[in-house]
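Student: Hi! Could you walk me through this one, starting with what you mean by a helix?

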Amino acid sequence: MEDNGGLFYDDAGQRQDIFQILADHGVNCVRLKLWHTPANGYNNLERVRAMAARIKSAGMGFLLDVHYSDTWADPGKQYKPEAWQDLDYDQLEAAVYSYTKEAITELREEGTEPDIVQIGNEITSGLLWNDGKLDGSSDQFTRLAGLLKAGIDGAKDTGCSAKIMLHLDRGGDNGLYRWWFDHAIAEGVEFDVIGLSFYGFWHGELADLSNNLNDLAYRYNKELIVVETAYPYTLADQDGFANIIGQEDQLVAGYPATVEGQADWLRDLMKVVANAPEGLGKGVFYWEPAWLGLSGCGWDPQDPTTGNNWENQALFDFGGHVLSSMDVFLEFPDVK
């Protein structure tokens with residue numbers, strides 16, 4: 001955004017560093033994705049190191065989201081980095097271990113150790129396909145667990161004190177979470193935090209999220225964080241690239257596409273997380289608060305001209321001015 005002319009403005013309309021604006025509105029941790037060798041040169045370790053330094057300077061912590069891919073990883077695609085395409089399973093385990101360890105070691109040496117390390121992104125269907133794919137085979141979780149353990153060991157063997165997160169999508173689907181985490185734990189995968197994506201237009205009612213969090217808290221006694229959510233403050237489009245949520249019939253009932261509707265969604269979601277049993281609901285990350293529909297900032301890392309289909313769900317307006325909906329973070333000092 002910044003490299004293509006994006007500027008951000010505080011409540012008074014004054015230009016301000018994005019991280020300072022976030023911190024001033026109660027945000028206390030930022031989630032950064034790490035790609036292995038991205039085509040556009042962003043989200044690599046060099047970029048993450050620079051952003052982490054800015055985050056720490058603003059007094060915030062950061063979550064390192066390791067995708068183990070050169071591009072977006074999610075339940076529909078978990079592509080290996082090009083550099084790892086020809087590795088056999090044992091070699092892949094070793095690469096996951098060394099890559100994770102080296103990345104976190106570099107961050108630690110610069111005084112920007114992550115507070116949470118996420119091993120894979122939305123790994124509902126596994127990661128590093130096909131070696132770690134949940135494909136219905138009898139050894140699917142054994143294969144996945146080996147790769148997860150390699151990443152976890154790589155993080156821990158640096159001496160890093162970061163908590164380990166495992167992250168799935170479909171945060172309202174308790175059956176999925178029971179199935180997935182029961183099997184992962186049976187394979188001896190050790191972790192600290194369950195991360196969930198929860199978008200109301202895809203993943204069910206807030207009551208579904210609440211029921212899932214309640215069960216997960218009692219069943220696993222792990223910290224719980226919603227690491228992805230968003231809601232539109234407008235149905236307008238900035239860049240001519242169709243918004244992923246751009247029609248009235250895509251909205252959640254009771255939450256109009258207004259700044260107030262966006263704030264209400266975020267507030268009600270944070271209430272659900274804050275009310276998780278045993279104080280295990282620890283926070284909410286908004287994805288992605290700083291999207292702007294700017295030329296050169298395309299969704300496809302290989303084609304920046306594609307545009308951005310999420311800018312109407314940011315916490316800044318199309319001109320980069322912070323929206324009042326971000327103030328909701330100030331309402332929840334113990335759940336961020």
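Tutor: Happy to! Helices here are DSSP runs of H or I with at least four residues, numbered from the N terminus. One caution before we start: this is a predicted model.

Student: Good, thanks. What happens to the backbone just after helix 6?

Tutor: Asparagine 221 sits there with a positive phi of about 55°. The residue is not a glycine, and it belongs to the loop between helix 6 and strand 8.

Student: Which other non-glycine has a positive phi?

Tutor: Arginine 170 has one, also about 55°. You'll find arginine 170 in the loop between strand 6 (163-168) and helix 5. With 37% relative accessibility, arginine 170 is classed as partly exposed.

Student: While we're on the backbone, where are there cis peptide bonds?

Tutor: One runs from tryptophan 129 to asparagine 130, with omega near 5°. Asparagine 130 is in the loop between strand 4 and strand 5 (132-133). Another joins tryptophan 287 and glutamate 288, where omega is about 5°. Glutamate 288 falls in the segment after strand 9 (281-284). They are worth a look because most peptide bonds are trans.

Student: Back to helix 6. How far apart are its end C-alpha atoms?

Tutor: They are 21 Å apart, which agrees with the 21 Å that 15 residues should span at 1.5 Å a residue.

Student: Which of its residues are buried, and what covers them?

Tutor: In helix 6 the buried ones are Leu206, Leu209, Asn212, Leu213, Asp215, Leu216, Ala217 and Tyr220. Their cover includes helix 5, strand 7 (193-197), strand 8 and helix 7.

Student: Let's do the helix pairs, then. How do helix 5 and helix 6 cross?

Tutor: Their axes come within 10 Å and cross at roughly 20°. Angles under 35 degrees count as roughly parallel, so helix 5 and helix 6 are roughly parallel to each other. The crossing is right-handed.

Student: Which residues make that contact?

Tutor: Helix 5 brings Asn174, Tyr177, Arg178, Phe181, Asp182 and Ile185, and helix 6 brings Asn212, Asp215, Leu216, Arg219 and Tyr220. By class, that contact has five nonpolar, two polar and four charged residues.

Student: And what about helix 6 with helix 7?

Tutor: Helix 6 and helix 7 pack at an angle of about 20°, and their axes are 9 Å apart. That makes helix 6 roughly parallel to helix 7, and the crossing is right-handed. Leu206, Leu209, Ser210 and Leu213 of helix 6 make the contact with Trp265, Asp268, Leu269, Val272 and Val273 of helix 7.

Student: What's the breakdown by class there?

Tutor: For helix 6 with helix 7 the contact has seven nonpolar, one polar and one charged residues.

Student: At what angle do helix 4 and helix 5 cross?

Tutor: The axes of helix 4 (residues 140-156) and helix 5 cross at roughly 70°, coming within 9 Å. Helix 4 and helix 5 are therefore roughly perpendicular to each other. Gln140, Phe141, Leu144 and Leu148 in helix 4 meet Trp179, Trp180, His183 and Ala184 in helix 5. That contact divides into six nonpolar, two polar and no charged residues.

Student: How many residues of helix 4 are buried?

Tutor: Of its 17 residues, 13 are buried, so helix 4 is mostly covered.

Student: New topic: where is alanine 257, and what does it touch?

Tutor: Alanine 257 lies in the loop between strand 8 (223-228) and helix 7 (259-274). This alanine is buried, with a relative accessible area of 17%. Leaving aside neighbours within four places in sequence, alanine 257 is in contact with Pro232, Tyr233, Thr234, Leu235 and Leu251.

Student: Last one: is glutamate 223 buried or exposed?

Tutor: Glutamate 223 counts as buried, because its relative accessibility is 18% and the cut-off for buried is under 20%. Glutamate 223 is in strand 8. Not counting residues up to four places away in sequence, glutamate 223 touches Lys163, Asp192, Val193, Ile194, Leu280 and Lys282.

Methods. Residues numbered from 1 in each chain as written. Predicted model: local features only at pLDDT ≥ 70, side-chain atom pairs only at ≥ 80, totals over all residues. Heavy atoms only, no water. Axes fitted to C-alpha atoms, helices over the stretch in contact; angles between N-to-C directions. Helix = DSSP H or I, 4+ residues; strand = E, 2+ residues; numbered from the N terminus. Parallel < 35°, antiparallel > 145°, perpendicular 65-115°, else oblique. Left-handed = near helix turned anticlockwise from the far one by under 90°. Contact = heavy atoms within 4.5 Å. Nonpolar A, V, L, I, M, F, W, Y, C, P; charged D, E, K, R; others polar. Buried < 20%, exposed > 50% of the residue type's maximum accessible area, 1.4 Å probe, protein only. Expected span 1.5 Å × (residues − 1).
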